[in-house]
Amino acid sequence: MKFFIDTANLEQIKEANDLGILDGVTTNPSLMAKEGISGKEAILKHYKDICDIVDGDISAEVLSTTYEEMIAEGDILAQIHSNIVVKIPMIKDGIKALKYFSGKGIKTNCTLIFSAGQALLAAKAGATYVSPFLGRLDDISTDSLNLIQEIRTIFDNYGYETEILAASVRHSMHIINCAKIGADVVTCPIQPILSLLKHPLTDSGLEQFVKDSQKMQ
Ligand code: G3P
């Protein structure tokens, strides 16, 4: 399973990349705005900076919502670096844009997926990734893991190569459950990834080993 970091914060991206297990980055307009990035030039520069840190797929989201504007924007984003993945919202014009980019061999990530039908349409349009949002479904008392399972079954039934990129991942159990179901990628802030490291028996065991190692010196 691939691990992407879901942030536009360069320090966090560097920290995650330094772990040596990072496969890519996802961003969205909210995450970019949080970093104070505004204006066309600054946006393009920020994505370039991210591409310079991480050697993996970097999702850059279009800001427009009409077909013509999305393809114009996406074409510019795709020119920043060969690792750029154009992130497109799950709307009617978005499906057309996914088809356009897949025809040009440009990678895409269809975002704001909340149902299996949406994922199926995006796969049919040739999306490289679909991003079902786990945490936001859990927030409205809906079983987000069931959605991942449904999409996995549908993609496997028909051999779709579109990858399931589980997004809005908020904690380590989301990651474990996605791995059990067979999501291809999880994207989340660094904290849920670091939580996977933790076990009290590891801490107490290491404490004892360190104590005993002193007897050996
Ligand atoms: O990748 C989508 C993600 O950024 C949304 O996460 O926590 O805002 O629901 P969240």
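Reader: How far does a polar side-chain atom of Ser168 lie from an oxygen atom of the ligand?
Author: This is a predicted model, in which local features need pLDDT of at least 70, side-chain atom pairs count only at pLDDT 80 or more, and totals for chains, interfaces and linings use all residues. Residues are numbered from 1 along each chain as its sequence is written, and side-chain values use heavy atoms, with hydrogens and water left out. A polar contact is a pair of N or O atoms within 3.5 Å; within protein, one must be able to donate a hydrogen and the other to accept it, and residues adjacent in sequence count only if both atoms are side-chain atoms. For Ser168 and the ligand oxygen, the distance is 2.7 Å.

Reader: Which residue has a side-chain N or O atom 2.9 Å from an oxygen atom of the ligand?
Author: Asn28 has a polar side-chain atom 3.0 Å from a ligand oxygen, so by the 3.5 Å limit that pair is a polar contact. The residue with the 2.9 Å distance is Arg170.

Reader: Is Thr7 buried or exposed?
Author: Thr7 sits in the loop between β1 (2–6) and α1 (10–18); helices (H or I, at least four residues) and strands (E, at least two) are DSSP runs, numbered from the N terminus. Buried means under 20% relative accessible area, exposed over 50%, partly exposed in between (1.4 Å probe, protein chains only). Because its relative accessibility is 6%, Thr7 counts as buried.

Reader: What is the relative accessible area of Ile176?
Author: Ile176 belongs to helix α9 (residues 172–181). Ile176 is partly exposed, and its relative accessible area is 36%.
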